[in-house]
Amino acid sequence: MSSFPRPIATTRSVTGISTGKLAVWWLIASEIVIFGGVLGSYLMHRIGHPEWASQAAHTNTVFGAVNTFVLLTSSLFAVMAHQAADQKDGKKAAKFLYLTTLGAVIFLIIKSVEWTGEIQHGFTITSHTFWSFYYTAAGIHGVHVIVGAIIMLVIANDARKGIDLQRVEAVGLYWHFVDIVWIFLFPLLYIAK
Amino acid sequence: MSADATTPHDAAHGGGHTTHHYPYVKIWGVLLVLLALSVIGPMLGHPIVTLLTAFGIAFVKAFIVIKYFMHLTVEKKYIGFLLLVMIAFMLVFVGGVSPDVMKHEGQRWVNTAAQDVVTKGLAADKAAEGHEGKHE
Amino acid sequence: MSSTATATKHEDHGHDSHGHGPDAHAHHPEQNFFMKYLWSTDHKIIGMQYLFTGMFMALIGGFTVYAFRMQQAFPGMSIPGYGRVTATDYNALVTTHGSVMIFWVAMPVLIAALGNYLIPLMIGCDDMVFPRLNRLSYQIFLVSVIVLIASFFVEGGAFGGAWTSYPPLSAKAQYNLTPLGAPMWLFAVALEFAAFLMGGINFVTTVMNSRAPGMKMFDVPIVVWSIIIASILFMASVGPLIAGAVMMLFDQTLGTAFFDPNKGGDPVLWQHLFWFFGHPEVYVVMLPAMGIVAEVIATFSRKKLFAYKTVLYTMIGTGALSFFVWAHHQFIAGIDPRMANIFSVTTLLISIPVAEMLFVYIATLYGGSIRLTTPMLWALAFIGEFLLGGVTGIFLGSSGADIYFHDTYFVLAHFHYTFFPIAFIAVFAAMTYWFPKMFGRYMNEAWGKVHFWGTIVSFNFIFIPLFLLGARGDHRRIFDYTHFPDLMKPGMQDLRILATLSLVVLLSFQVIFLVNFFLSMVKGEKAPANPWKSNTLEWVAPSPPPHGNFPEGLPTVHRGPYEYSHPDRQDDYWPQNAS
Ligand code: HEM
Ligand SMILES: [Cu+2]
């Protein structure tokens with residue numbers, strides 16, 4: 001087997017939705033319940049434990065807000081990459097995807113600075129169950145950011161050469177989903193005090 | 001996942017690409033204004049305003065991203081339905097669990113451990129506030 | 001090392017093949033053994049990998065049950081082939097048996113093996129839409145197997161906190177005494193979930209997008225539908241448990257307190273997270289079994305499946321309802337009694353669609369020209385045995401009765417009357433039915449029937465005694481009953497011994513199956529492409545199908561899958577692709 005021949009199955013599209021995009025929609029569906037499980041558990045505890053408010057008061061809204069800004073902006077780049085890919089402009093699509101990835105990296109840098117500070121102040125994952133949820137929820141989200149960034153780099157590299165442009169939209173969908181999860185994490189972890 | 005996505009052929013099979021593109025930068029601007037509102041709102045310190053601005057606006061932001069960035073509204077109907085069903089299952093989950101986990105007592109049962117944690121925690125908060133008060 | 005190098009190279013080549021387009025399939029150079037069987041992206045090979053791994057895991061599951069049942073029947077005895085079972089061993093054996101049979105036998109065989117093997121063939125295309133993702137899914141699954149097996153040999157031994165892994169026992173090493181076994185078990189389960197999520201997305205996308213031209217929604221065979229619905233159920237229910245597994249892993253390894261009520265957590269939350277997945281999970285494995293039985297019964301009664309659409313809607317309905325019943329596992333776990341009422345009602349409701357499917361199958365049999373081949377015997381046995389499992393579920397679903405029955409052998413017998421038919425009886429039906437397709441040869445019918453009767457009779461002799469014991473209050477998960485005079489009333493130990501001896505008989509009959517299976521693979525009578533004269537598309541391909549499946553060109557579909565004994569036709573079957 002000298003090359004990887006794409007099966008004919010891959011080229012069919014009975015639904016009219018391209019296969020990659022359809023798979024991403026299903027991926028998002030299964031991710032909804034993963035985040036639903038964490039956030040649901042957190043929410044129930046948070047409401048049942050009014051005393052957690054004094055812990056939540058120590059989170060830093062500025063970090064959270066700046067990171068929301070970063071992710072929203074990276075989402076903008078992702079959708080512009082999609083637009084460029086639709087215009088069959090692989091170079092431009094790649095450029096925007098690189099910018100999206102840059103957003104992911106900035107997000108992660110801000111996150112590490114924020115967490116380092118908090119851990120130095122004694123707010124560790126074991127110091128209180130509020131912080132356990134805080135780190136776990138944001139941590140699971142962070143893993144998605146990392147994975148998304150890596151996939152975007154791979155796809156951007158192909159797109160630059162004009163290969164598989166339809167993937168740009170698919171990865172964009174995933175990225176918007178990661179953004180939406182953060183849109184909800186932000187008030188849940190930072191604003192409700 | 002996407003590393004395995006489709007061939008260029010696919011687009012042709014998929015009825016061609018007809019995604020309608022919106023003025024994305026303007027939409028992004030709207031999102032930023034909403035973000036600002038969701039930060040400023042809770043600063044007013046009014047519980048209802050906090051709830052509306054923090055969580056209400058999150059829903060609006062999510063809606064905008066879904067509609068304009070993800071183009072869900074022009075996607076096949078069943079995709080949106082699928083996502084809604086997933087969210088509905090999560091509501092069922094929370095609905096079934098919260099009587100046991102969110103509440104600490106019910107019909108002929110009391111979760112004394114959780115109640116203790118709450119009382120102790122609140123008492124500690126009060127003590128800490130008192131402390132700070134004295135220092136100032 | 002060299003193998004990895006080959007792999008990478010192969011991947012690289014993958015990228016510049018995009019220009020080939022649909023006819024890239026025409027040339028298939030000879031592949032070496034490694035590429036053909038271990039690094040293949042062919043759905044059939046991957047299906048086989050899952051099948052053989054599942055069969056291997058079934059041996060582990062079978063061996064563990066042998067060891068701990070012997071300990072129950074003959075407490076303190078040195079067991080031939082194992083030695084003395086200590087209390088710690090006992091817990092580890094029970095846990096391993098349960099988790100292996102559900103997560104590493106039922107799931108991989110019913111969903112992954114059959115799904116991979118059958119879906120592309122039955123919908124008439126050449127492979128899954130994401131072949132490399134498919135390969136990755138198996139590889140992750142294999143890693144999960146390795147992690148699980150490794151956990152038997154680490155310090156402290158394998159995890160012993162039951163397949164449900166309830167905290168606080170599972171969350172703290174100072175309670176479960178398996179500081180490494182517990183997290184490794186959890187990690188293995190999580191990897192397995194990841195593998196099946198990938199597989200599920202692949203299955204669903206393939207069936208949605210890559211059906212043969214002409215194959216409309218209601219032309220899809222029921223077994224494919226059932227695997228798809230099961231995959232969706234899995235996707236929709238496993239999320240909270242994945243989240244819960246992360247929380248549990250942090251409790252075990254970092255010392256967080258998600259499930260510790262003294263620090264603001266809640267142990268009941270784990271039970272909810274687990275059963276919100278756990279109950280849909282039983283339908284995840286049940287639906288494919290029901291699908292297999294539908295195929296086999298229609299073929300061997302030479303009759304159109306009765307009420308195709310009803311079966312389909314019933315499956316969807318069962319799947320949806322299964323999200324509303326989970327707390328029936330927790331009736332006496334400290335949940336609010338008012339919630340218990342609600343969950344009682346939903347639980348009793350769900351037995352309606354389950355019964356409906358069985359009725360539909362009986363209606364299919366009615367008036368058919370029935371052929372009692374080995375697969376048909378298995379399918380018929382499934383209906384009878386599963387019925388008992390479903391009926392006893394109704395006793396348990398009534399929360400009042402469950403106060404008594406919970407955690408007794410009655411529960412255990414209930415779910416074995418459901419799981420054994422699913423994971424073994426239906427799987428044997430599938431294996432004997434599709435064996436000619438998979439290997440191009442028949443299995444031996446006479447030995448197949450010996451295996452069938454030996455298995456079915458001994459199965460009932462295991463679990464009927466356990467029903468009786470459970471009704472007498474015999475508690476589950478007890479290492480040595482001689483310490484409990486209440487549970488050593490006259491006759492009780494005799495029933496335990498009867499169940500254990502029947503188990504030994506059942507296990508020894510499986511040797512017949514294994515020998516028949518592997519011998520027939522090389523020595524069996526050669527089978528034609530369509531040995532049972534079935535309609536579905538996999539029988540259009542040669543047996544065994546080559547890479548690419550349909551050398552004569554991919555089929556086009558003209559009708560539904562169950563047109564048997566059509567009045568306008570001379571033949572009593574009408575293949576889906578025949579014009
Ligand atoms: C016909 C509908 C069914 C009903 C009404 C039903 C009801 C129940 C109830 C109420 C329990 C909890 C008993 C207790 O722990 O006290 C239970 C346990 C169980 N059921 Fe079913 N069930 C049904 C079908 C099934 C099926 C189809 C399967 C498997 C594929 C299954 C597998 C199990 C398992 C594994 C357990 C016990 C798990 C454990 O505690 O380790 N049930 N069932
Ligand atoms: Cu259940």
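Start by selecting H328(C): with a relative accessibility of 12%, this histidine counts as buried, because the cut-off is under 20%. Keep in mind that you're looking at a predicted model.

H279(C) lies in helix α9 (residues 267–301) of chain C and H328(C) in the loop between α10 (308–321) and α11 (337–365), so the pair ties together parts that are 49 residues apart in sequence. Click on H279(C) and you have another buried residue, at 6% relative accessibility.

Last stop: show chain A alongside chain C. Here 55 residues of chain C touch 41 residues of chain A. Together the two chains bury about 4200 Å², with carbon and sulfur atoms giving 69% of that. On the chain C side, pick M208(C), N209(C) and F258(C), which lose the most area to chain A, together 14% of what that side buries.

What about polar links? You'll find 13 residue pairs in polar contact between chain C and chain A, but 0 salt bridges. Colour the helices of chain C next: α1, α5, α7, α8 and α9 each supply at least two residues to the side touching chain A, and α8(C) gives the largest share, 10 residues. By type, that side has 30 nonpolar, 18 polar and 7 charged residues.

Terms used
Residues numbered from 1 in each chain as written. Chains lettered and ligands numbered in written order. Predicted model: local features only at pLDDT ≥ 70, side-chain atom pairs only at ≥ 80, totals over all residues. Heavy atoms only, no water. Helix = DSSP H or I, 4+ residues; strand = E, 2+ residues; numbered from the N terminus. Buried < 20%, exposed > 50% of the residue type's maximum accessible area, 1.4 Å probe, protein only. Contact = heavy atoms within 4.5 Å. Buried area = accessible area lost by both parts, 1.4 Å probe. Salt bridge = Lys/Arg side-chain N within 4 Å of Asp/Glu carboxyl O. Polar contact = N/O pair within 3.5 Å; in protein donor to acceptor, adjacent residues only side chain to side chain. Nonpolar A, V, L, I, M, F, W, Y, C, P; charged D, E, K, R; others polar.
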